[in-house]
Amino acid sequence: MERSQINEILEESDRFIRSFGYVMPPFAYWDPEQMRRRTASDAASIRDNRLGWDITDYGQGRFDELGLFLFTVRNGSAADLAAGRGMLYAEKIMISRKDQLSPMHRHNIKAEDIINRGGGKLVLELFAAAEDGSIDDAARVSVPTDGVMRTLPAGGLLKLDPGESVTLMPGVWHAFWGEGDDVLIGEVSTVNDDLTDNVFREPIGRFSTIIEDERPRHLLVSDYDSWL
C-alpha cells in the first residue's frame with residue numbers, strides 16, 4: 001500500500017468512527033515526532049503493547065476487496081496473560097467496508113467478542129476446528145450471541161445487525177465482511193497479539209508492505225519497530 005492511500009484511509013476512518021459518536025483517545029492524533037518523543041518517555045506502553053492505528057491489505061494490494069481497518073485502544077501484555085493477573089484484556093475499534101473480506105483465520109489464545117457497533121450487517125463465516133487445528137468441514141459450530149447459543153453448519157453465515165455481537169473462543173475459524181454498507185465493529189478480547197496469534201487458512205501476511213510516497217500523518221503499529 002502507498003502511504004498516501006493509508007493517510008487517506010486514516011482520515012476517512014476517523015470521520016466514519018466519529019459519525020457514530022465514538023471518540024478516539026488523544027494519542028490517536030499524535031504525529032510521528034510526538035509519538036517518538038512520548039513513547040521514549042511517559043508513554044512507552046503505547047509502543048510496547050502496540051496500541052494505535054492498523055490498516056492492512058494482508059500484503060495482497062487489494063485493500064477494497066481484502067482488508068481491514070483497526071485501532072487498538074487498549075491492550076495488556078503477554079507477561080500478564082502468562083501470569084494470570086494484571087491487564088488481561090484488549091479493546092479494538094474496526095471498520096469492515098461493504099463486501100471487504102477479512103480472510104479466514106483463527107486464534108490460538110485470544111477469545112473475543114465481535115460487536116456490530118453500527119452501519120450495515122456484519123457477516124461472519126464460521127467453522128469449528130479439527131483436532132489438529134485445521135478447519136473441520138463437517139462439524140457444526142456453536143457460538144454465543146449476546147448470551148444466546150447459536151449453532152450453524154460448517155461454513156454457515158452468521159449475520160449481526162447493529163447492537164448484536166458474537167463470542168469467538170480460541171480455535172473458532174472465522175472470516176467476515178460488511179453487507180449492505182460499511183460496518184463499525186467493536187472488539188473486546190483477551191490480550192491481543194497480532195504478531196504470533198493469528199493463524200490464516202491461506203498463506204498470507206498480517207501487515208501491509210508500505211511504499212513511502214509521502215510522510216505518514218500518524219504511525220501504524222506496524223511502523224513502530226522501524227520508526228520508534
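Arg3 touches Ile210, Ile211, Glu212, Asp213, Glu214, Arg215, Pro216, His218, Leu220, Asp223 and Trp227, leaving out residues up to four places away in sequence. Here, contact means heavy atoms within 4.5 Å. Arg3 lies in helix H1. Its relative accessible area is 0%, so Arg3 is buried. Buried means under 20% relative accessible area, exposed over 50%, and partly exposed in between (1.4 Å probe, protein chains only). Helices (H or I, at least four residues) and strands (E, at least two) are DSSP runs, numbered from the N terminus.

This is a predicted model: local features need pLDDT of at least 70, side-chain atom pairs count only at pLDDT 80 or more, and totals for chains, interfaces and linings use all residues. Residues are numbered from 1 along each chain as its sequence is written, and side-chain values use heavy atoms, with hydrogens and water left out.

Now for the nonpolar cores. In soluble globular proteins, nonpolar side chains tend to be buried together. A nonpolar core is a set of buried Ala, Val, Leu, Ile, Met, Phe, Trp, Tyr and Cys residues joined through side-chain atoms within 4.5 Å. The largest one has 27 residues, and those that touch the most other members are Ile17, Met24, Ile46, Trp53, Ile55, Phe69 and Phe71. Helix H1 (3–18), strand S1 (52–56), S2 and S3 each give two or more residues to this core. H1 gives the most, with five residues. Take Ile17: not counting residues up to four places away in sequence, Ile17 touches Tyr22, Met24, Phe69, Ile93, Ile95 and Leu184. There is also a second, separate core of 22 residues, which includes Tyr58, Leu152, Val166 and Val172.

Next, look at a strand. In a regular strand the side chains alternate between the two faces of the sheet. Strand S9 (residues 156–160) has alternating side chains. S9 pairs with S5 in the antiparallel sense over five bridges. Two strands pair if DSSP finds at least two bridges between them. Leu158 in S9 is the bridge partner of Leu124.

What about empty space? Rolling a probe the size of a water molecule over the atoms shows where empty space is left. On a 1 Å grid over the protein atoms alone, a cavity is a set of points where a 1.4 Å probe fits but cannot get out; a pocket is an open set with protein on both sides within 12 Å along at least five of seven lines; lining residues have an atom within 4 Å of a point. Grid points are joined across faces, edges and corners, and a volume is the space filled by probe spheres set on the points.

The count comes to two cavities of 30 Å³ or more. The largest cavity has a volume of about 150 Å³. Of its 18 lining residues, Leu68, Leu70, His105, His107 and Asn198 are the closest to its centre. S11 gives the most to this lining, with three residues. The second largest cavity holds about 40 Å³ of space. Among the residues that line the second largest cavity are Tyr22, Ile93 and Arg117.
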